Amino acid sequence: MGKTIAIAGAGHGGLIAGARLAAQGYDVTVYERKKDRAALGYDWEDAVDFKIFAECGLEPPKKETYSFNGDMKYYNPNLKAPLAVLSHGTGSAVFERKEIYDVLMDNAEQSGVKFVWGVEILGPVTDGLRVTGFQTTAGVVCADLVIDSAGINTPLRKNLPVCCNVDRDYGYGECFYAYRAYFNKIPGHEPDIPYEIFLMHQGERGISWTVTKEDYVDVLIGRLAPMSQKKIEDTLAEMRDFSPQIGETLLRGGSQEQLPVRRPLSVMVCDGYAAIGDAAYMTLPMTGSGICAAMRAGVLLADTVLADKDEVYSKETLWDYNRKYILHFGQHFAAIDILKNIMLCTEVEGVNFLFDKGIITQSDISFGTSKDSGGMSFSDMLARGMRGISNLPVLMRTAGALTKGGGVKKLYQSIPSTYDEKAVLKWKDEILAATPLMIR
Ligand SMILES: Cc1cc2nc3c(=O)[nH]c(=O)nc-3n(C[C@H](O)[C@H](O)[C@H](O)COP(=O)(O)OP(=O)(O)OC[C@H]3O[C@@H](n4cnc5c(N)ncnc54)[C@H](O)[C@@H]3O)c2cc1C
């Protein structure tokens, strides 16, 4: 039997990495707080790049279980200058989250991954700066490598020794609190484009959406701070004024969840430990999509572990995973993070102005999940600048932030090729200095 690998949480990336390693003879066990596999995931549908299953060597869920996202309409806060983003048949595929989990779980079980259900992971167990396992409600788990796949609030990352150099927490503006629910549909109010996204909805930092389907309406309210039940109900009431198709009967969902909306961790490994998925903030900062990135990272992590022939699993040998994730995906997401911050920090009038004057266009906000999607460029911005000359401060701030996005992307690209502590810390500090926390 190969070395022991303990996976904290049945996150998407952990399941992919675990299956690949178990198939090669590693002794892989996933520890998960949910009571069984049927309880994994959420009771709603999610958009993912259809290609992801083939990329990970998996069969996608069956044809009858998915559809494709069509055109989208983005509204600015005053709702007066919406932008239609046409999909031209290239929209992402929409699957039930439970169906995605079925594919991942079948693959993991068939590859020999073992599961321990209903255990709460409490924190890491360390020997000096090496992670040697974790504490759970059922006792201590020891492993040669710990894969942290326990989501945004993982107790492992949050409690690592500071000297491991993995940032333990996120700041204001880096996490979305999202309420999601399906309501019955009131007939007779069909929007021209079913997928409507409201930026800085109701003048608040965040987004909302309504997706009007044949017999229900999918509603999301996302904000930078937790919402009380009353706040959610008040927001829903205002949404119904604009979108009268949203009925009062809750059909599915109705919970508030957290998701990361920030650049990825710059350092996501230390001795005996690798973070993946939401635990390493791998979501696309503008949309919060993170399933594909987590799965792609799962492939990179498994390849790195398999290449470690001496089975050391140190920060030096795991660095290849960290580096490849940043170069293939993280650098693009970091640039989008800057654009997200502009959107959330620009005052409501500023966002209205950018839409009203046509300075933000369809292509700027068609944030794909492709690694090449990077939003608006500084030169585009200048070319459109004449239209916005009447509000130069907003224009200049936006352009300045865009230039910064390019700078941060370059910084991510300069990730050291090997784990040299001094070089890694210098690189990490430079990124931190270039991406200050958002002010409340
Ligand atoms: C409202 C909403 C809509 C979204 N829509 C999309 C979308 O359309 N497309 C997309 O790509 N992404 C979407 N996402 C993001 C997506 O959910 C995540 O990015 C994705 O799930 C990857 O996260 P993960 O698998 O690493 O972690 P998670 O999905 O958070 O999974 C972590 C697992 O670890 C377990 N766990 C956590 N803590 C512990 C503990 N202490 N002990 C034991 N087990 C633990 C959890 O129970 C869970 O099973 C959405 C998220 C939300 C909230």
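A residue is near a molecule if one of its heavy atoms lies within 4 Å of it. By that rule, 32 residues surround the ligand, and the closest are His12, Glu32, Arg97, Ile121 and Asp278. This is a predicted model: local features need pLDDT of at least 70, side-chain atom pairs count only at pLDDT 80 or more, and totals for chains, interfaces and linings use all residues. Residues are numbered from 1 along each chain as its sequence is written, and side-chain values use heavy atoms, leaving out hydrogens and water.

Look at the side chains. An N or O atom of Glu32 sits 2.7 Å from a ligand oxygen. For Arg97, an N or O atom of the side chain is also 2.7 Å from an oxygen atom of the ligand. The protein buries 93% of the 990 Å² that the ligand exposes when taken alone (Shrake-Rupley method, 1.4 Å probe).

Where does the ligand lie? Domain 1 (4-64 + 96-170 + 262-326) and domain 2 (175-260) both give residues to the shell, so the ligand lies between them. The domain bounds come from an automatic or database domain assignment.

Now step back. The protein has 440 residues, and 55% of them count as buried (under 20% relative accessible area, 1.4 Å probe, protein chains only). Ala275 is one example: it counts as buried because its relative accessibility is 0%. Ala275 touches Asp148, Leu265, Met268, Ala280, Met282 and Tyr321, leaving aside residues up to four places away in sequence. Such a contact means heavy atoms within 4.5 Å.

Notes: Buried < 20%, exposed > 50% of the residue type's maximum accessible area, 1.4 Å probe, protein only. Polar contact = N/O pair within 3.5 Å; in protein donor to acceptor, adjacent residues only side chain to side chain.
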